[in-house]
Amino acid sequence: MTSLRTRDRLIQRLYDQGICDHKVIDCMRSIPRHIFVDEALSHRAYEDTALPIGHSQTLSQPFIVARMTEALLAGGHEPKKVLEVGTGSGYQTVVLAGLVEQVFTVERIRPLQAKARERFRILGIRNVLCRHSDGGMGWPDKGEFDGIVVTAAPETVPDSLLQQLAVGGRMIIPVGGTEQHLYRITRTETGYERDYLEPVRFVPLLGGVIR
Ligand code: SAM
């Protein structure tokens, strides 16, 4: 069992590291992160660290989840339709689901997707649609997105994701190989603007699916 004090310590740490969007903080405070990892790791769920979720994948570090979500919403931006590439444990998905109208999330590893779906059911999350596919291709038949959050790093930003971003929409994406950088890409009437956020370390965005 994890106490509320342990959770509050994580939230305090996010504040200390500069996360200041209260909506993001309140949303993360309300989510039981321990259900997103295997029971054997649940005692570490409120550490500010990435944790293994099987299949050589990880549940992202809470600070990075907060930072990416804050970057998506900064300046009063209110995306309604958000695409997440890389469902993983489903933790970032649930954070997004608490802050936007509809989340579309894509995962290439079927067993991870199945576990995440079960967590959404347990938590009563109703505004998330899941898809098992290569998220580097986006989710073309769902149209354009006001926000795209990518939780695995491609070497370069996939064109299909750029094309599925609505004008005025934002994409938060780690890019690179051994050295990775987090960017916010905004689609304007005439093209794309890229803001550098910080260095990061994500698992790679891989093609194909695992059943
Ligand atoms: N947001 C996740 C969380 O909170 O647990 C973090 C997931 S982990 C850092 C990245 C995920 O992206 C992994 O589950 C991995 O399988 C997935 N992934 C990698 N390449 C992908 C692709 N092309 N399409 C969909 N998912 C992909």
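1. Helix H1 covers residues 4-16, thus 13 residues, and reaches 18 Å from its first C-alpha to its last, close to the 18 Å expected at 1.5 Å a residue, where the expected span is 1.5 Å times one less than the number of residues. Helices (H or I, at least four residues) and strands (E, at least two) are DSSP runs, numbered from the N terminus. Just after H1, glycine 18 takes a positive phi of about 105 degrees.

2. This is a predicted model, in which local features need pLDDT of at least 70 and side-chain atom pairs count only at pLDDT 80 or more, while totals for chains, interfaces and linings use all residues. Residue numbers run from 1 along each chain as its sequence is written.

3. The ligand is surrounded by 25 residues, and the closest are Gly86, Gly88, Ser89, Gln92 and Gly135; a residue is taken as near when its C-beta atom, placed from the backbone, lies within 6 Å of the molecule. By class, the shell divides into eleven nonpolar, eleven polar and three charged residues, with Ala, Val, Leu, Ile, Met, Phe, Trp, Tyr, Cys and Pro counted as nonpolar, Asp, Glu, Lys and Arg as charged, and the others, Gly among them, as polar. Strand S2 (57-59), helix H4 (91-97) and strand S4 (102-107) each supply at least two residues of this shell, and the largest share, three residues, comes from S2.

4. For Ser60, UniProt carries the feature "active site" from an unreviewed entry, and such annotations may be inferred rather than shown by experiment. Serine 60 sits in the loop between S2 and helix H3 (62-73), and it counts as buried because 26 other C-beta atoms lie within 10 Å; the cut-offs are 20 or more such atoms for buried, 12 or fewer for exposed, and partly exposed in between, with C-beta atoms placed from the backbone. Leaving out residues up to four places away in sequence, serine 60 touches Ala50, Val65, Gln92 and Thr151, a contact being a pair of C-beta atoms, placed from the backbone, within 7 Å.

5. Most residues other than glycine have a negative phi, whereas phi of histidine 55 is near 55 degrees and that of serine 56 is about 60 degrees. Histidine 55 counts as partly exposed because it has 14 C-beta neighbours inside 10 Å, and serine 56 counts as exposed because it has 8.

6. The largest nonpolar core has 47 residues, and those with the most contacts inside it are Ile148, Val149, Val150 and Ile172. Among the elements that give two or more residues to this core are helix H2 (22-30), strand S3 (81-85), helix H5 (110-123), strand S6 (145-150) and strand S7 (165-176). Such a core is a set of buried Ala, Val, Leu, Ile, Met, Phe, Trp, Tyr and Cys residues joined through C-beta atoms within 7 Å. Apart from neighbours within four places in sequence, isoleucine 172 is in contact with Met68, Ala71, Leu72, Val149, Val150 and Arg184.

7. Isoleucine 109, in the loop between S4 and H5, is buried, with 21 other C-beta atoms within 10 Å, and beyond four places in sequence it touches His55, Gln57 and Ile210. Isoleucine 35, in the loop between H2 and S1, is partly exposed, with 17 C-beta neighbours inside 10 Å. Isoleucine 35 and arginine 119 are 84 residues apart in sequence and 7.4 Å apart in space, C-alpha to C-alpha.

Conventions: Two residues are in contact if their C-beta atoms, placed from the backbone, lie within 7 Å.
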